[in-house]
Amino acid sequence: MNRAVSHSRARLSAFSASSSSSSSLASEAWDGRFRLHKPRGQHLLTNPRVLDAIARHAALRPGDAVLEVGPGTGNLTARLLASPVDRVTAVEIDPRMVDAVTARFGALDLAHKLTVIQGDAMETEFPEFDVCVANIPYGISSPLIAKLLFGTYHFRTATLLLQKEFARRLVAMPGDSEYNRLAANVGMVADVKLLMDVSKRDFVPMPRVDSSLVEIRPRAAPSEVDVAEWLGFTRECFGQKNKTLGAIFKQKRKILDLLKRSQRSERCTSDAPGAGSGIILGVLVDDGNDEACSDEDGDSGDRAAGFSTEEVGAFKERIAGALESTDLAGKRPSKMSNDELLYLLRLFNERGIWFQ
């Protein structure tokens, strides 16, 4: 280890040690130069023991490139830079935070190891990274996870601090009351593990709810899975997850919508579905509103949609045939495994029923 790196690490270690006292907690979070905005999700984690635990759970390796989303004033960034990583890239939308982080670590001679990008994380193209470690604003939890997992990024793990209720939904299993489209879609391409809970009292300003730390470890979807098609399928299933599949797919409005998609002359496909227009938006949203779809539209509804009554009837029979060939028609999506859902999707596709 060269003398400059050793010196920088020693200064960071001294900083971390001093921050463990309660008297330094506020200064670590915020030096009073600007106001934090709770509506923007600006809740800074200040408990040194929790910050240390997050960095430890991230299991960083020598030479890693680390992505941090929403560094705030740099409390977690300090721990990441103290590890033997190659570089840390922090993406921050607030220019005041950008200035604070840049000045803080410039004073520690760590500018060569840290890149701070000012911008919206959902619109910024991330550089290549091995690990993502972040205390992310609650409001972008779902779209950010979708961007990481269904985009074009290849990384080892993401260690994320999330709203506790959201984290429970993320790790839910079929049959759990929290199981939803979020868990089903993430479970297709990643393994998720709950690491620890974090009290709301460990943040400044204090949010209304507690948080949980999770580890997301990506893995390749089964080779036979068209991920974009899967995402469209789960959108239809989990929009009314407490109805049976038989009830969901007999509704006139849904039949017409699927017929329209299935008869498109050119279906949109992509080897990287996360990069496609409209794929990321809403990928992990579970509508769950069980809205009523009228089945009484009659012939006029068919004609308005551009299909004859005969076309609609024949397509409806194809859907019914797929369901009747299995014992899944009476099941609810919230009780079904991904293997069962994937099996039904294949049956639909074999009959020319498409969901993209």
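This is a predicted model: local features need pLDDT of at least 70, side-chain atom pairs count only at pLDDT 80 or more; totals for chains, interfaces and linings use all residues.
Biologist: Let's start with the overall picture. What makes up the secondary structure of the protein?

Modeller: There are 14 helices and nine strands in the protein. Its length is 356 residues, and 47% of them count as buried.

Biologist: And how much of the accessible surface belongs to carbon and sulfur atoms?

Modeller: Those atoms hold 50% of an accessible surface of about 16600 Å².

Biologist: Now the strands. In what order do the seven strands of the open sheet come?

Modeller: The order is S4-S3-S2-S5-S6-S9-S7, with mixed pairing. From one strand to the next, the twist averages 20 degrees.

Biologist: Why do strand S4 and strand S7 stand at the edges?

Modeller: Strand S4 (114-118) and strand S7 (190-198) each have a single partner strand, so one side of each is left without a neighbour in the sheet.

Biologist: How do you know that strand S6 and strand S9 pair?

Modeller: Pairing takes at least two bridges. Six bridges join S6 (residues 157-163) to S9 (residues 211-218), so the two strands count as paired, and they run antiparallel. To see one spot in this pairing, look for Leu161, whose bridge partner in S9 is Leu213.

Biologist: Which helices pack on the sheet?

Modeller: Helix H3 (residues 48-57) is one of them, touching strand S5 (131-135), S6, S7 and S9. The direction of H3 makes about 160 degrees with that of S7. Helix H5 (residues 95-106) is another, touching strand S3 (87-92) and S4, and its direction makes about 170 degrees with that of S4.

Biologist: On to charged side chains. Why can such side chains pair?

Modeller: Side chains of opposite charge can pair when their charged atoms come close. In this structure, a search finds 14 salt bridges.

Biologist: Why is the pair Asp94 and Arg96 called a salt bridge?

Modeller: The cut-off is 4 Å between nitrogen and oxygen. The closest N and O atoms of Asp94 and Arg96 are 2.7 Å apart, so the pair qualifies.

Biologist: Is Asp94 buried or exposed?

Modeller: Buried means under 20% relative accessible area. Asp94 has 3%, so Asp94 is buried.

Biologist: What makes Arg235 and Glu236 a salt bridge?

Modeller: Their N to O distance is 3.9 Å, and since the limit is 4 Å, the pair is within the cut-off. Arg235 is partly exposed at 34%, while Glu236 is buried at 7%.

Biologist: What makes Arg235, Glu236, Lys254, Asp257 and Arg261 one network?

Modeller: They are joined by salt bridges that share partners.

Biologist: Where does Asn242 lie?

Modeller: Asn242 lies in the loop between H9 and helix H10 (245-248). Its relative accessible area is 43%, which falls between 20% and 50%, so Asn242 is called partly exposed. The C-alpha atoms of Asn242 and Pro333 are separated by 7.0 Å, although these residues are 91 residues apart along the chain.

Biologist: Finally, which residues does UniProt list for "binding site"?

Modeller: The unreviewed UniProt entry lists His43, Leu45, Gly70, Glu92, Asp120 and Asn135. Let's look at two of them. Gly70 lies in the loop between strand S2 (65-69) and helix H4 (75-82). Not counting residues up to four places away in sequence, Gly70 touches Val91, Glu92 and Asn135.

How values were computed: Residues are numbered from 1 along each chain as its sequence is written. Side-chain values use heavy atoms; hydrogens and water are left out. A salt bridge is a side-chain nitrogen of Lys or Arg within 4 Å of a carboxyl oxygen of Asp or Glu. Buried means under 20% relative accessible area, exposed over 50%, partly exposed in between (1.4 Å probe, protein chains only). Helices (H or I, at least four residues) and strands (E, at least two) are DSSP runs, numbered from the N terminus. Accessible areas come from the Shrake-Rupley method with a 1.4 Å probe; for residues, only the protein chains shown count as cover. Axes are lines fitted to C-alpha atoms, for helices over the stretch in contact, and angles run from 0 to 180 degrees between N-to-C directions. Contact means heavy atoms within 4.5 Å. UniProt positions are given in the numbering used here, feature names are shortened, and annotations may be inferred rather than shown by experiment.
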